[in-house]
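Subject: Handover of a structure and findings

Dear colleague,

Please find below the structure that I am handing over to you. I would be grateful if you could read the notes after it with the model open.

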Amino acid sequence: MIKVLLAEDQGMMRGALALLLGLETDIEVVAQVAAGDRIVEAALDARPDVALLDIELPGRSGLDAAADLRERCPDCRVLILTTFGRPGYLRRAMEAGAAGFLVKDGPVEELAAAIRRVLAGEKVIDPALAAAALSAGPSPLTARERDVLTAAVDGATVADIAARLHLSPATVRNYLSSAIGKTGTRNRMEAVRAARRHGWL
């Protein structure tokens, strides 16, 4: 049996996926979590073969959890399943060690086949998204610029961001200014929105 961990914050969607995958004769859902910060702990307990992760989860993103799984559960293959088919997300998922990336509007048979394929060592990527990611190019933001924009998401002040990231206010202003320039926007909130739209955050 292929043991699967499901990470999905919407209860109805999580239940439906578990039910549908459970109808497959060779797949068993061994763990279900609703928050990103519970993924690694659940994987260490259940030892799944494949972790099926959403990206936008409370507590921690599925992309961050994927990177942790690669380190702490190296035998577990990660398959990202998301509503948000953004080129930047695909790139970040691959950098985090994900073996596959699918959008949620595909048929469940395709999902079951993708689980089998990633377990067999293949990469499974939504073809339309792969083409979009290639044409979009890599994120122009540095890791630190991403950190500063992420910290600015909730409207935090420069002083708040500086304290949170252990940087000086002047350094935070420099990173914000650089990120605003790279995203072609007028202020930090526009930069946050643009970066999210491209999947860079």
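The notes below cover the nonpolar cores, the strands, the cysteines and one arginine. Please bear in mind throughout that this is a predicted model.

Nonpolar cores

The largest nonpolar core is made up of 28 residues. Within it, Leu5, Ile39, Leu53, Leu69, Ile80 and Phe101 have the most contacts. Two or more residues each are given to this core by the strands E1 (2-7), E2 (27-33), E3 (50-53) and E4 (77-82), and by the helices H2 (39-46), H3 (62-72) and H4 (87-95). H2 provides the largest share, namely five residues.

Strand E3 and its partners

Strand E3 pairs with E1 in the parallel sense, over four bridges. One of the residues concerned is Leu6, whose bridge partner in E3 is Leu52. E3 also pairs with E4, again in the parallel sense and over four bridges; here Val50 stands opposite Arg77 of E4.

Cysteines

How many disulfides does the model contain? The count is zero. Cys73 takes part in no disulfide, and the nearest cysteine sulfur, which belongs to Cys76, is 6.2 Å away. A disulfide is a covalent bond between two cysteine sulfur atoms. The sulfur of Cys76 has that of Cys73 as its closest cysteine sulfur, and because the two are 6.2 Å apart, they are too far from each other for a bond. Cys73 is buried, at a relative accessible area of 4%, and Cys76 is likewise buried, at 8%.

A buried arginine

Arg14 lies in helix H1 (residues 11-22). Arg14 is buried but has no salt bridge. Its nearest side chain of opposite charge is that of Glu8, at 6.3 Å, whereas a salt bridge would need the atoms to be within 4 Å. Not counting residues up to four places away in sequence, Arg14 touches Leu6, Glu8, Asp9, Gln32, Val33 and Ala34.

With kind regards

Technical notes
Residues are numbered from 1 along each chain as its sequence is written. This is a predicted model: local features need pLDDT of at least 70, side-chain atom pairs count only at pLDDT 80 or more; totals for chains, interfaces and linings use all residues. Side-chain values use heavy atoms; hydrogens and water are left out. Buried means under 20% relative accessible area, exposed over 50%, partly exposed in between (1.4 Å probe, protein chains only). Lys and Arg count as positive and Asp and Glu as negative; His and the chain ends are not counted. Contact means heavy atoms within 4.5 Å. A disulfide is a pair of cysteine sulfur atoms within 2.5 Å. A nonpolar core is a set of buried Ala, Val, Leu, Ile, Met, Phe, Trp, Tyr and Cys residues joined through side-chain atoms within 4.5 Å. Two strands pair if DSSP finds at least two bridges between them.
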